[in-house]
Amino acid sequence: MRSSLNHPPLLRRLTIAGGLAATLAFGTVSAAGGVQAQASSGADLPAGAAVATSAPLKDYDREIVDQFDSANSVGHIRHLAVDIGPRLNGTPQEREGAEYIGGVLESYGFEVTLQSWGPVSTKQVAKVTSPDADLPGGPNWQMYASASGKFTGNAGVEGQVVYAKTGQSAADFPADTAGKVVLMDYSTTASIRNTAVANAVSRGAIAVVLAYATGNSAPPSFTLTTSQPEIPVIGGGSAHHTWIRELLDKGPLTLRIATNQYANPMGTNVIGIRHAVGDPTGTTAPIVMVGAHIDSVLGAPGAHDDASGNGVSLEVARVLSQYPLDKELRIGGFGGEEGGLLGARAYVNTLTAAEKARFVGEWQMDMVGTPYEPARLWALTPNGQSNFVVQEAYDAAARVGFDGLRNCRLGQSDHQAFYDVGIPSSLFIWLDYRPPTPPAVCGPTGGTYVTEPQYHRPTDTMDNISPERLQITLDVVGGAVAHNALNAVTVSAASDAGQPLAGAPVRADCGNGPRDLGTTGADGRLEAVLPHVTCDFTTTVEGRVATERGVSIAGDRAVKMTVDFTKPTISLTTPADGAVFTLGAAATASYRCDDNLSGVASCAGTVPDGGPLDTSAVGFHEFTVKAADNAGNAADRKATYQVVYPWHAYFPETMEGKAGSAVPIKFGLGGDRGAGVIASGYPVSRPVACDTGKPTGPAEPTSGPGNSKLGYEDGQYNYVWKTERDWSKTCRQFELKLDDGSSHFTTITLK
Ligand code: BES
Ligand code: ZN
């Protein structure tokens, strides 16, 4: 932690924060959901999220909100309100609060600065503890230390307590008052007070506590007309009165009373900054700020007002610190809020114009979870208008299904200081706020409110904390802060023809498994938030997958996904459809597949491209190429080729003969191919017109027992065709069709 003195007019004294280790020795923060806090460097992802499971990961909004655990907030609130206790502006307890918050933020990797500002008005406080009793609302009570009494310093005085009613008559004082701490009823009448204290002093009291006997009062500030410089004289609230009397009813009670006057002390702010990944010096990145006030009013432990705000801020800081971010995150703990927004005003005065311009907004958490039933969660702005910060909280509420958030008008907390310098801000508060026009319409002047009975009282203790309502605040306000701390990514899905695709489910794998980002709307768009990561985006529409790989998310950006609905194309060169190859000829398959967009995933023919075409068997062969692109579009292309014998005709195209004679048709097939080379049903002959050669009748088979026959001798086939006698004076065409699919002809003119 470093202390800053960067606003000279305001800052007169510099106190170096000491004892950080001691500050950090308090309760450890349990990590929710098994995710351990880790230093945030580079683009590392949360260790806990690195386990790939069958179910896709949630979107980042939900993943983060699911890690918020109000039990951690309660731990911080307890430390501030119980272990430290009341944190009046300008007292060491305000600074202790700042150091605690700073220590926690440092453990989350934040760069922490303690700002001293002031001076502020002199504070007179009594710290009241007990060595033998568990003080309700304790162990650190705070009362008012009258300047008419003694300032003991931290050592204080210790003694048993007696109760002396109004202290106006001898009968009010127990016999053993000497050497005791005397509790008496506080009177608003100065002369009555004066008498009471003088009576106690004359009976040997070592300290006097004047506390309100009835009602619900904070400790009074007062002076005496007759000062009593030998003993501390302090003022307690009505709760102190009640608690002391209840303890006395049970038996002896010892109190230690230490009174101090802090003359024109300095106030303290704590500012934690976590720089954006791409802007380690903090000069350009948008700033997302969460604020709460450290200080409490005199006498109040300030559990709800406003340790609760810091408890929520710190839990938001813990979870977000696990993600590499491109937004600068600032957590502010402001002192002196109760004195008139002093710390927040000092802080905004340190901001340069350029810095202010970087602010996305300030989410002020003040009183963020009382169990007081009539309280509701409000987003209150100085002008009653909604703004970006309010709207983002409404959106976050909608994401978690909380519909209880309302917006109206109020200043009275640190958001006012940000508003006044033009930074969008809002106060988030659980309050019984009453808009002027019920049920909940906020008019231009806003409404009225009723605070919980513990507000600004010694009873603002852990009993005034609701873990359930803190959790709602975490989910809603923390959810809004997280959403804005991440990068805004617009994913659009369109077909390759340029049509927006609605309802497209988008997934992103950012290194730890697929994650559902939701589905595109009617405009084909989806708004997602992502940390500083590199992701593969995928969407599937009608079975077509579009993937954008290695998309680096380093700031707000758009990601366009084009879904390929176009089939791959196939060009088939060899075999061409209808190609004829000689039996056994060497031929090479040649084809290729192309895809316009997603690329070719597979391209496979009957034999591989460049491989030998099968010409080992005569006849017709089908050659197929199947292609698929990476989107899932499939195409195929077929070609039929023919493998034929090496043919040699040893007969002419036309010949003459005598009807009834046997005509030898000799041919070669490049060797002996066996007896089955003629296609079944062949040869045939048909009558043709002698002049034109056109068929004049049906083909008739020539083969058959005792008719024609096929022989093979000396490398030649010989088919003996028996012509018929009654074909005399006609022309006939002879067709020899082979089992390779080829047909061979000769036309004979018969005498
Ligand atoms: N936490 C309160 C804010 C508040 C506002 C509580 C309205 C209840 C209702 C804050 O700490 C506070 O007490 N503010 C002061 C005003 C401030 C400018 C001194 C107040 O409301 O009196
Ligand atoms: Zn307050």
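Me: If a polar contact is a pair of N or O atoms within 3.5 Å, how far is an oxygen atom of ligand 1 from an N or O atom in the side chain of Tyr-455?

Reply: This is a predicted model, in which local features need pLDDT of at least 70 and side-chain atom pairs 80 or more, while totals for chains, interfaces and linings use all residues. Residues are numbered from 1 along each chain, chains are lettered from A and ligands numbered from 1 as written, and side-chain values use heavy atoms, without hydrogens and water. For Gln-412 the corresponding distance to a ligand oxygen is 2.6 Å, and for a polar side-chain atom of His-456 it is 2.9 Å. For Tyr-455 the distance is 2.7 Å.

Me: How many nonpolar residues does the shell around ligand 1 hold?

Reply: Ligand 1 is surrounded by 16 residues (those with a heavy atom within 4 Å), and Glu-337, Glu-338, Asp-366, Gln-412 and Tyr-455 are the closest. Five residues of this shell are polar and four are charged, which leaves the nonpolar group at seven.

Me: How are helices α3 and α4 oriented to each other, roughly parallel or roughly antiparallel?

Reply: The axes of α3 (residues 70–84) and α4 (residues 92–107) come within 11 Å and cross at roughly 155 degrees. Because angles over 145 degrees count as roughly antiparallel and those under 35 as roughly parallel, α3 is, relative to α4, roughly antiparallel.

Me: With which handedness does α7 pass α12?

Reply: The axes of α7 (residues 303–320) and α12 (residues 467–485) come within 10 Å and cross at roughly 45 degrees, so the two helices are oblique to each other. The crossing in which α7 passes α12 is right-handed.

Definitions and conventions: A polar contact is a pair of N or O atoms within 3.5 Å; within protein, one must be able to donate a hydrogen and the other to accept it, and residues adjacent in sequence count only if both atoms are side-chain atoms. Ala, Val, Leu, Ile, Met, Phe, Trp, Tyr, Cys and Pro count as nonpolar, Asp, Glu, Lys and Arg as charged, and the others, Gly among them, as polar. Axes are lines fitted to C-alpha atoms, for helices over the stretch in contact, and angles run from 0 to 180 degrees between N-to-C directions. Helices (H or I, at least four residues) and strands (E, at least two) are DSSP runs, numbered from the N terminus. Angles under 35 degrees count as roughly parallel, over 145 as roughly antiparallel, 65 to 115 as roughly perpendicular and the rest as oblique. A crossing is left-handed if the near helix is turned anticlockwise from the far one by less than a right angle, and right-handed if clockwise.
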